[in-house]
Amino acid sequence: MSKFALYTKGTVESRSYIMSAHMDTLKEAKAYFMGMKRLSNDQFDKLYHVDIIEDIKSTKGLLFGNQ
C-alpha cells in the first residue's frame, strides 16, 4: 500500500498540497480523489495532480521501529 497526495495544478503559482490517502495504485488514488471532488476525468486533470508520497512497507511485528 502506498500514500498518494492530491496537489493543485497551476502554471503561475507553485503547486499546493490538498490531502492524502492510502491506496494500492495511482489509478485507485486518482479515482478516489475524483470522487471526493465530484469531477470528471477531464475536469480533474485541468485542476489537480496526484503523486505518490511514499511506499508503505509491511511492519508486522515491529513494535519499536527497526529494532
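A salt bridge is taken here as a side-chain nitrogen of Lys or Arg within 4 Å of a carboxyl oxygen of Asp or Glu. In this predicted model, a search of the whole structure under that criterion returns one salt bridge. The side chains that form it belong to lysine 30 and aspartate 45, with an N to O distance of 2.8 Å. Lysine 30 sits in helix α1 and aspartate 45 in helix α2 (residues 41–47), so the pair, 15 residues apart, links distant parts of the chain. Lysine 30 has a relative accessibility of 24% and therefore counts as partly exposed. Aspartate 45, at 30%, is also classed as partly exposed.

Ala29, Phe33 and Met34 are the buried residues of α1. Viewed down the helix axis, the buried residues fall within an arc of 135 degrees, so they line one face of α1. Just after the helix, arginine 38 adopts a positive phi of about 55 degrees.

In soluble globular proteins, nonpolar side chains tend to be buried together. Here the largest nonpolar core consists of 10 residues: Phe4, Leu6, Ala21, Met23, Ala29, Phe33, Met34, Phe44, Tyr48 and Val50. Two or more of these residues come from each of β1 (2–8), β2 (17–23), α1 (26–37) and β3 (48–55). The most is given by α1, which supplies three residues.

Leaving aside neighbours within four places in sequence, leucine 6 contacts Ser16, Tyr17, Ile18, Met19, Phe33, Lys37, Phe44, Tyr48, His49 and Val50.

Aromatic rings are the last topic. A pair of aromatic rings is described by the distance of the centres and the angle of the planes. With ring centres required to lie within 6.5 Å, the count comes to three aromatic pairs. One of them joins tyrosine 7 and tyrosine 17: the ring centres are 6.0 Å apart and the planes stand at 70 degrees, so the pair is edge-to-face, the class for angles over 60. Tyrosine 7 lies in strand β1 and tyrosine 17 in strand β2, so this pair ties together parts that are 10 residues apart in sequence. Tyrosine 7, with a relative accessibility of 16%, counts as buried, whereas tyrosine 17 is partly exposed, with a relative accessible area of 46%.

How values were computed: Residues numbered from 1 in each chain as written. Predicted model: local features only at pLDDT ≥ 70, side-chain atom pairs only at ≥ 80, totals over all residues. Heavy atoms only, no water. Core = buried A, V, L, I, M, F, W, Y, C linked by side-chain atoms within 4.5 Å. Buried < 20%, exposed > 50% of the residue type's maximum accessible area, 1.4 Å probe, protein only. Helix = DSSP H or I, 4+ residues; strand = E, 2+ residues; numbered from the N terminus. Contact = heavy atoms within 4.5 Å. Arc of directions from axis to C-beta. Phe/Tyr/Trp six-rings, centres within 6.5 Å; stacked < 30°, edge-to-face > 60°.
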